[in-house]
Amino acid sequence: METIGFWPALGAADRAKFEELSVRKAYRRGDVLCREGERASVVLLLLAGHVRITNATPDGREVVIGVRGAGDVIGELAVIDGGRRSATVQALDELDVLVVPAARFVALCRREAAISWALLQVLADRMRDVGRQWLDIGGGTSTRRVAAQLMQLAVQHGVRRGTDIEVAVPGTQAELAMTAAISRESWARVTRELRRQGVISTARGQVTVHRLAELRRLAR
């Protein structure tokens with residue numbers, strides 16, 4: 001169910017060039033790969049696992065703004081423009097990662113047109129996703145907002161298990177509710193009703209979607 005990311009867009013020769021410049025590293029669940037506001041020294045390529053992307057609000061709370069999975073590149077923006085990290089990235093499960101020093105990544109993109117083009121496509125897709133996310137989650141009833149949020153996670157990062165789709169939940173109820181611009185109580189009430197209807201079931205750190213068509217209908 002995952003969308004195509006940076007890595008799948010590269011051919012075998014370009015992957016080899018990327019790997020030559022990188023170091024392979026493992027991260028455990030809960031590890032922080034980079035923090036908002038830090039200077040960027042590396043670019044990260046996820047080979048396996050999922051991470052959550054968060055921003056800090058002025059009052060110190062965290063808002064989940066996205067999830068990335070296998071094949072996705074992370075931390076490229078701050079390396080491209082020389083700025084600071086725009087978000088914090090934290091492991092949701094065990095990660096297998098290629099780590100490339102910033103200077104090497106920039107030189108590689110300048111030298112290899114196919115790699116630069118793949119990166120440009122990723123950035124374009126993410127810009128569209130931000131627009132869709134605001135439209136899907138930013139309006140309507142609490143039920144529509146939660147359904148749209150779960151649909152987005154299922155389509156982009158879900159793993160199919162027979163007729164079900166398993167999704168690693170990227171935050172707490174409070175964080176997900178904040179992202180959907182509703183109260184924690186409203187988020188809990190909607191998910192409780194979705195469970196009662198058999199649309200989803202939940203476990204620690206995971207949501208399983210049983211009736212994707214119904215979730216899609218509720219998100220409209």
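1. An unreviewed UniProt entry lists the range 6–105 as "domain: Cyclic nucleotide-binding". Please keep in mind throughout that the model is predicted.

2. On the aromatic residues, the count comes to three aromatic pairs. One of them joins Trp7 and Phe18 in an edge-to-face arrangement, with 5.6 Å from centre to centre and 70 degrees between the planes. This pair links distant parts of the chain, since Trp7 sits in the segment before α1 (12–20) whereas Phe18 belongs to helix α1, 11 residues apart. Both partners are buried: Trp7 has a relative accessible area of 10%, and Phe18 has a relative accessibility of 1%. Ring pairs also gather Phe6, Trp7, Phe18 and Phe105 into a cluster.

3. The structure holds seven salt bridges, among them one between the side chains of Lys17 and Glu112, with an N to O distance of 3.0 Å. Because Lys17 lies in helix α1 and Glu112 in the loop between α3 (102–111) and α4 (113–137), this contact ties together parts that are 95 residues apart in sequence. The two side chains can also be described by their accessibility: Lys17 is partly exposed, at 30% relative accessible area, while Glu112 counts as buried at 17%.

4. A further salt bridge connects Arg24 with Asp96, whose closest N and O atoms are 2.6 Å apart. Arg24 is in strand β1 (residues 23–27) and Asp96 in strand β8 (residues 95–101), so the pair ties together parts that are 72 residues apart in sequence. Arg24 itself counts as exposed, with 55% relative accessibility.

5. The salt bridge between Glu214 and Arg217 has its closest N and O atoms 2.7 Å apart. Why are these two residues separated by about one helical turn? The reason is that Glu214 and Arg217 are three residues apart in helix α8 (residues 212–219). Glu214 is buried, with a relative accessible area of 16%, whereas Arg217 counts as partly exposed at 46% relative accessibility. Elsewhere, salt bridges that share partners join Asp14, Lys17, Arg111 and Glu112 into one network.

6. Turning to strand pairing, four strands form an open sheet in the order β9-β10-β12-β11, with antiparallel pairing. Its edge strands are β9 (159–161) and β11 (200–203), each of which pairs on one side only. With direction ignored, neighbouring strands of this sheet are turned by 25 degrees against each other on average. Within the sheet, strand β10 (residues 164–168) and strand β12 (residues 206–209) run antiparallel and are joined by four bridges, and Ile165 has Val209 in β12 as its bridge partner.

7. Finally, how many disulfides does the structure hold? It holds zero disulfides. The sulfur of Cys34 has its closest cysteine sulfur in Cys109, 17 Å away, and this is too far for a bond, given that a disulfide requires the sulfur atoms to lie within 2.5 Å. As for accessibility, Cys34 counts as buried at 4% relative accessibility, and Cys109 is buried with a relative accessible area of 15%.

Key. Residues numbered from 1 in each chain as written. Predicted model: local features only at pLDDT ≥ 70, side-chain atom pairs only at ≥ 80, totals over all residues. Heavy atoms only, no water. Buried < 20%, exposed > 50% of the residue type's maximum accessible area, 1.4 Å probe, protein only. Pairing = 2+ DSSP bridges. Axes fitted to C-alpha atoms, helices over the stretch in contact; angles between N-to-C directions. UniProt positions renumbered as here; feature names shortened; annotations may be inferred. Phe/Tyr/Trp six-rings, centres within 6.5 Å; stacked < 30°, edge-to-face > 60°. Salt bridge = Lys/Arg side-chain N within 4 Å of Asp/Glu carboxyl O.
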